[in-house]
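Good morning, and thank you for the time on the agenda. I would like to take the group through one structure, moving from its strands to its charged pairs and then to its surface.

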Amino acid sequence: MNSNDKLKSKRKNYRSQIARRFAIQYVFALAGFVAGFFLLALSAWKFLSAFTWQPYDPLYVFFQFIKTYIVVFIGIPIFAGWAWITYYFMGKPLRFLDDIITASEALANPTDTQILLPDAMKNIQDELNQVRESALRNAKLARDEEQRKNDLIVYLAHDLKTPLTSVIGYLTLLRDEPDISQELRAKYTGIALDKAERLEDLINEFFDITRFNLTAITLDYENINLSRMLEQIINEFNPILAEKGLRWNTAVQPNIDISCDPGKLERVFDNLIRNAVNYSYPQTDIRLSMLLKENNVEIQVCNRGKTIAPEKLNRIFEQFYRLDSSRSTATGGAGLGLAISKEIVKLHGGIITVQSSDDDIIFTVRLPVNRQKIV
């Protein structure tokens, strides 16, 4: 039985419970009324029988009349009582319906105020409050998502404008100054090319954002030598580290094989290393280690940089979140790299965490060595 069937069965059970409760209350009310009426009538009969009545006494004549038509005098009160009790219990579900309608109107604009229904409808009250809380959570998520998108537009508009302004400025200078020296011309052309390449990177990142939000990430598993992959990535980053005045400090355990999507996993390590490069103090080491622990492999990327505050650590894997928006143009990124990395690691059955203290920033990735593809 799926969750929808279980929910339908649960609600049907609630309705059955309420119906049974109404039926039992209705029967007991009728039985109590009839029993009370006959008990009252019997008490009155015994009380009146204790007196000596004269045939000409008006009360005696009246009581004799009642005795003659006892069926009518008993039937009318019983019928009236039955009618009133029936009307009351027929109106009760309608009053409950009014309460539910009022509660449903409250769900249209949910607040922190609890929805309250009669005790007989406590289960329904709990369900409506769950819906209300879910609506509040969804509304908050929607607001947060909208805010992140607005922030993204601001970030990317700034990132696009800065290199584009430089490209236009240097190209305009080259156009308006025909007698400029060859050295300056080559310098300005090189700067304009760098800025144009930065624009290309940003545009490619836009496509990443679109793919990440509109499509699910799928994995193509292969058995690879993870040690060799990390060594290759380390070598590819050597020129960047040299340019930034950084050094490698590596400890990669050799010959570790793993079942993974190599392309996606390479992106994870690329994102982590770039993040370390962008946020490292000059003339410091970037430490990269890999160690096999039972059936898991643990990879750590550690750099020396400004300690990340705890409130920022909690958000570092969110989409479009940046530690320092003022550095976005220089360091690249719209705040999507770590979010994608977390998703890729999660799909591999692993976890990714971050710690920061005493100017150390440590990203840790734990991956299972053998991970079966989930279809």
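A residue is called exposed when its relative accessible area is over 50%, buried when it is under 20%, and partly exposed in between. I begin with that cut-off because glutamate 294, at 77% relative accessibility, counts as exposed. Please keep in mind throughout that this is a predicted model.

Let me place that residue. Glutamate 294 belongs to the loop between β4 and β5. Its phi lies near 55°, which is a positive value in a residue other than glycine. The hairpin that β4 and β5 make has 2 residues between the strands.

What is the direction of β4 relative to β5, and how many bridges join them? The two strands run antiparallel, and 8 bridges join them, with β5 covering residues 296-304. Within this pairing, leucine 288 stands opposite valine 301 in β5.

Strand β4, residues 285-293, also pairs with strand β2, residues 247-252. Here the strands run parallel, with 6 bridges between them. Asparagine 249 stands opposite arginine 287 in β4. As a general point, the side chains of a regular strand alternate between the two faces of the sheet.

In general, side chains of opposite charge can pair when their charged atoms come close. Arginine 247 forms a salt bridge with aspartate 285, and the closest N and O atoms are 2.8 Å apart. Because arginine 247 lies in strand β2 and aspartate 285 in strand β4, the pair ties together parts that are 38 residues apart in sequence. Both partners fall in the middle class of accessibility: arginine 247 is partly exposed at 40%, and aspartate 285 is partly exposed at 24%. Salt bridges that share partners also join Arg287, Arg304 and Asp360 into one network.

Two further salt bridges involve sequence neighbours. Arginine 175 and aspartate 176 meet through their side chains at 3.0 Å, N to O. Arginine 175 is exposed, with a relative accessible area of 64%, whereas aspartate 176 is partly exposed at 43%. The other pair is glutamate 133 with arginine 132, where the closest N and O atoms are 3.6 Å apart. Is arginine 132 buried or exposed? Its relative accessible area is 3%, so arginine 132 is buried. Glutamate 133, by contrast, is partly exposed, with a relative accessible area of 33%.

I turn next to two further positive phi values. Aspartate 359 sits in the loop between β6, residues 351-357, and β7, residues 360-368. Its phi is near 65°, again positive in a residue other than glycine. Aspartate 359 counts as partly exposed, at 26% relative accessibility.

Helix α11 itself covers residues 337-347, and its buried residues include Leu338, Ile340, Ile344 and Val345. Ala339 and Ser341 are buried in that helix as well.

Finally, the surface. Which residues form the nonpolar patch there? They are Phe62, Phe65, Tyr69, Val72, Phe73 and Ile76, with about 570 Å² of accessible area together. The elements that give two or more residues to this patch are α2, residues 58-68, and α3, residues 70-108. The largest share, 3 residues, comes from α3. Phenylalanine 73 is placed in helix α3, and with a relative accessible area of 32% phenylalanine 73 is partly exposed.

A patch of negative charge is also found on the surface, where Asp194, Glu197, Glu200 and Asp201 gather. Glutamate 197 lies in helix α5, which covers residues 182-214. Its relative accessible area is 39%, so glutamate 197 is partly exposed.

To close, I would return to β4 on the model: β4 runs parallel to β2 and antiparallel to β5, and aspartate 285 in β4 pairs with arginine 247 in β2. Thank you; I am glad to take questions.

Conventions: Residues are numbered from 1 along each chain as its sequence is written. This is a predicted model: local features need pLDDT of at least 70, side-chain atom pairs count only at pLDDT 80 or more; totals for chains, interfaces and linings use all residues. Side-chain values use heavy atoms; hydrogens and water are left out. Patches are made of residues with over 30% relative accessible area and no salt bridge: like charges are joined within 9 Å, nonpolar side chains (Val, Leu, Ile, Met, Phe, Trp, Tyr) within 5 Å. Accessible areas come from the Shrake-Rupley method with a 1.4 Å probe; for residues, only the protein chains shown count as cover. A salt bridge is a side-chain nitrogen of Lys or Arg within 4 Å of a carboxyl oxygen of Asp or Glu. Lys and Arg count as positive and Asp and Glu as negative; His and the chain ends are not counted. The place of a charge is taken as NZ of Lys, CZ of Arg, CG of Asp or CD of Glu. Helices (H or I, at least four residues) and strands (E, at least two) are DSSP runs, numbered from the N terminus. Buried means under 20% relative accessible area, exposed over 50%, partly exposed in between (1.4 Å probe, protein chains only). Two strands pair if DSSP finds at least two bridges between them.
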